[in-house]
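The sequence and structure come first.

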Amino acid sequence: VDHCGSGKVFVYNLPDTFNQQIILNCDNLNPWSSRCDALSNDGFGRAATSLAGILPEDLLPAWHWTDQFVTEIIFHNRLINHKCRVMEPESATAFYIPFYAGLAVGKYLWFNSTAEERDRHCDMMLQWIQDQPFFKRSNGWDHFISMGRITWDFRRSKDKDWGSSCLYKPGIRNVTRLLIERNPWDYFDVGVPYPTGFHPRSKSDVTR
């Protein structure tokens, strides 16, 4: 049985500054408090042990205090271990960009951050990805990314307005984006559930 009939995926090995370094700086991702607990356990957060006696005993090991903005980490880890992942880009039909865009911009959404600060990680990522031969081949049409915040956090029209302008950058125009809230008028935005809405019945539901 071909379990990858819809195609195989290649996961880019991005420089750590776009994902792992962001997690390592978890104490500084939020103006108010550390995000380290929220980002722990591959994004699922701490085990929900305090729900003992509320949840059925057989469900308790699979439940965690999962943060609403950790989709990027969970999705990245899922794809790294996915049965349809390939290590050779030549045999892939889709290409995943593991850039933690929502975590990168989160600390710059508040107070007096400049437009340049809010766009910096996205600009660097686009510069990197546009140099890759398989991106150049399709101009991004067979590429996708998960972005762990709502689409409006990446759609700044004017420098003084809210958020990043990442989704208005030319380099990302053809890239499919998985977001917890999509723009209904943008074909490339795909809405995915908030990770806090996921209620697994077992550990295997979480990891497979």
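## Salt bridges around arginine 156

Arginine 156 and aspartate 159 form a salt bridge, with their closest N and O atoms 3.7 Å apart. The model is a predicted one.

## Other salt bridges

In total, the model has 14 salt bridges. One of them joins lysine 160 to aspartate 161, and the closest N and O atoms there are 3.6 Å apart. Lysine 160 is exposed, with a relative accessible area of 70%. Aspartate 161 has a value of 29% and is therefore partly exposed, since that class lies between 20% and 50%.

Another salt bridge is formed by arginine 177 and aspartate 186, whose closest N and O atoms are 2.9 Å apart. Here arginine 177 is buried, with a relative accessible area of 0%. Aspartate 186 is buried too, at 6%. Both residues count as buried because their values are under 20%.

## Nonpolar surface patch

Trp32, Trp110, Phe111 and Trp162 make a nonpolar surface patch of about 510 Å². Within this group, tryptophan 110 is placed in the loop between α4 and α5.

How many cavities of 30 Å³ or more does the model contain? The count comes to one. The largest cavity has a volume of about 60 Å³. Its lining consists of 14 residues, of which Ala101, Val105, Arg118, His121 and Cys122 are the closest to the centre.

Two elements, α4 (101–106) and α5 (115–129), each give two or more residues to the lining of the largest cavity. The greatest contribution is from α5, with six residues. By residue class, the lining of the largest cavity divides into eight nonpolar, two polar and four charged residues.

Definitions and conventions:
Residues are numbered from 1 along each chain as its sequence is written. This is a predicted model: local features need pLDDT of at least 70, side-chain atom pairs count only at pLDDT 80 or more; totals for chains, interfaces and linings use all residues. Side-chain values use heavy atoms; hydrogens and water are left out. On a 1 Å grid over the protein atoms alone, a cavity is a set of points where a 1.4 Å probe fits but cannot get out, and a pocket is an open set with protein on both sides within 12 Å along at least five of seven lines; lining residues have an atom within 4 Å of a point. Grid points are joined across faces, edges and corners, and a volume is the space filled by probe spheres set on the points. Helices (H or I, at least four residues) and strands (E, at least two) are DSSP runs, numbered from the N terminus. Ala, Val, Leu, Ile, Met, Phe, Trp, Tyr, Cys and Pro count as nonpolar, Asp, Glu, Lys and Arg as charged, and the others, Gly among them, as polar. Patches are made of residues with over 30% relative accessible area and no salt bridge: like charges are joined within 9 Å, nonpolar side chains (Val, Leu, Ile, Met, Phe, Trp, Tyr) within 5 Å. Accessible areas come from the Shrake-Rupley method with a 1.4 Å probe; for residues, only the protein chains shown count as cover. A salt bridge is a side-chain nitrogen of Lys or Arg within 4 Å of a carboxyl oxygen of Asp or Glu. Buried means under 20% relative accessible area, exposed over 50%, partly exposed in between (1.4 Å probe, protein chains only).
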